[in-house]
Amino acid sequence: TDSEKLAMAEAAQASLVLDDDRIATLGRAAPSTSSLAPKQDVASSALLAVLSTSGTTGRPKGVMLARSAFVASALASADNLGWSEHERWLLCMPLAHAGGLSILTRCLIARTTIVLAERFEAEETLRVIERHRVTMLSVVPTMLRALLDSDDRDVLSRLRVVLVGGAAAPASLLEECARRRIAALTTYGL
């Protein structure tokens, strides 16, 4: 929400805040080559992101995450799941949350394909999976439930893996995935 964005910007003492309108404008502007030069020797302890908690104990708080946290997460993910240069991970989660940002950083580190969805809607997500030959998908349990209810073509069973996180996945949901030959694995973030 706007009030949550404002609270995070104030807490971070941000000197610049980009909203959707400003990002759209920046996307059409010619980039400055001087600002695109990568920084050399970025320390692994360097701050990469400040993500907001859900606020279950009061006001949401900003959690500072170092570059090393994302690299460790990417390496652990590759160790657990294996990795192929042909992976195509569908990103249909918000980039402002650890789940979405982790998908982005994992794929960038592995130099594999990210398929970006503007938002999650079950029928459209199934079409995107088919159209773009997606191999990996990350969802929360409610998203998976909606996909299962809409998947009359067994699209999900063609994925190499579906990662389910963000909340406890009911046993009945995972059992249904097993019956339908969907490789669903529970996961927890950074």
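**Close-up 1. Thr105 is buried in this predicted model, at a relative accessible area of 12%.** The value falls under the 20% cut-off for buried residues. Thr105 is a residue of helix 5. Once neighbours within four places in sequence are set aside, the contacts of Thr105 are Leu48 and Phe70. Phe70 belongs to helix 4, and both Phe70 and Thr105 are among the residues where helix 4 and helix 5 meet.

**Close-up 2. Helix 4 packs against helix 5 at an angle of about 75 degrees.** Helix 4 covers residues 67-81 and helix 5 covers residues 98-110, and their axes are 9 Å apart. Angles from 65 to 115 degrees count as roughly perpendicular, and the two helices are therefore roughly perpendicular to each other.

**Close-up 3. Residues from helix 4 and helix 5 meet in the contact between the two helices.** Helix 4 contributes Phe70, Val71, Ser73, Ala74 and Ser77. From helix 5 come Leu101, Ser102, Thr105, Arg106 and Ile109. By class, the residues of this contact are five nonpolar, four polar and one charged. Arg counts as charged, whereas Phe, Val, Ala, Leu and Ile count as nonpolar.

**Close-up 4. Cys107 and Cys177 are each buried.** The relative accessibility of Cys107 is 0%, and that of Cys177 is 1%. Both values are under 20%, so each cysteine counts as buried. A disulfide would need a pair of cysteine sulfur atoms within 2.5 Å; by this rule the count of disulfides is zero.

Definitions and conventions. Residues numbered from 1 in each chain as written. Predicted model: local features only at pLDDT ≥ 70, side-chain atom pairs only at ≥ 80, totals over all residues. Heavy atoms only, no water. Axes fitted to C-alpha atoms, helices over the stretch in contact; angles between N-to-C directions. Helix = DSSP H or I, 4+ residues; strand = E, 2+ residues; numbered from the N terminus. Parallel < 35°, antiparallel > 145°, perpendicular 65-115°, else oblique. Contact = heavy atoms within 4.5 Å. Buried < 20%, exposed > 50% of the residue type's maximum accessible area, 1.4 Å probe, protein only.
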